[in-house]
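Please keep the sequence and the structure in view while reading.

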Amino acid sequence: YEKEGYIVFGEGYRRCPGEHLSLIFLEEMAKSIKKIEFYIYQKNGEINLLPYVWGGVDKNLVLKIK
């Protein structure tokens, strides 16, 4: 759940050393997804939000890769 003042990678001298690596990973993943044809749709046409760190996650979403 959301916590006030929560910083994902920390800040200052003691920040997470994996921050740069994770951003490189996300960039490479975005490049590969751009090449794939996919569709995102809802199972029953309903929104089912579950609480998560940054808001809510919809459990009824389906990812279909062609």
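This is a predicted model: local features need pLDDT of at least 70, side-chain atom pairs count only at pLDDT 80 or more; totals for chains, interfaces and linings use all residues.

**Surface and overall form**

The accessible surface of the chain comes to about 6,500 Å², and 60% of that surface belongs to carbon and sulfur atoms.

**Fold and dimensions**

- The chain has one helix and four strands, and its elements, read from the N terminus on, follow the order α-β-β-β-β.
- The radius of gyration of the chain is 16 Å, whereas a compact globule of 66 residues would have a value near 11 Å.
- Taken along the principal axes, the box filled by the C-alpha atoms of the chain is roughly 45 × 30 × 10 Å.

**Burial, contacts and charge**

- Of the 66 residues in the chain, 5% are buried.
- Among the contacts in the chain with a separation of 6 or more, 35% are made by residues 24 or more positions apart.
- The chain carries 10 positive and 9 negative side chains, and the centres of these two sets lie 8 Å apart.

**Strand β2: Leu-50 and Tyr-52**

- Leu-50 is placed in strand β2, which covers residues 49-52, and Tyr-52 lies in strand β2 as well.
- Leu-50 counts as partly exposed because its relative accessibility is 36%, which falls between the limits of 20% for buried and 50% for exposed residues.
- Tyr-52 has a relative accessible area of 43% and is therefore also partly exposed by those limits.
- Once residues up to four places away in sequence are set aside, Leu-50 touches Gly-55, Gly-56, Val-57 and Lys-59.
- Leu-50 and Leu-61 are eleven residues apart along the chain, and their C-alpha atoms are separated by 12 Å.
- Tyr-52 and Ser-22, which are 30 residues apart in sequence, are 20 Å apart in space when taken C-alpha to C-alpha.

**The loop between β3 and β4: Asn-60**

- Asn-60 is placed in the loop that runs between β3 (55-58) and β4 (61-65).
- Asn-60 is buried, because its relative accessible area of 10% is under the 20% limit.
- Not counting residues up to four places away in sequence, Asn-60 touches Tyr-41, Gln-42, Lys-43, Glu-46, Ile-47 and Asn-48.

Terms used. Residues are numbered from 1 along each chain as its sequence is written. Side-chain values use heavy atoms; hydrogens and water are left out. Helices (H or I, at least four residues) and strands (E, at least two) are DSSP runs, numbered from the N terminus. The radius of gyration is taken over C-alpha atoms; the globule rule is 2.2 Å times the number of residues to the power 0.38. Buried means under 20% relative accessible area, exposed over 50%, partly exposed in between (1.4 Å probe, protein chains only). Contact means heavy atoms within 4.5 Å. Accessible areas come from the Shrake-Rupley method with a 1.4 Å probe; for residues, only the protein chains shown count as cover. Lys and Arg count as positive and Asp and Glu as negative; His and the chain ends are not counted. The place of a charge is taken as NZ of Lys, CZ of Arg, CG of Asp or CD of Glu.
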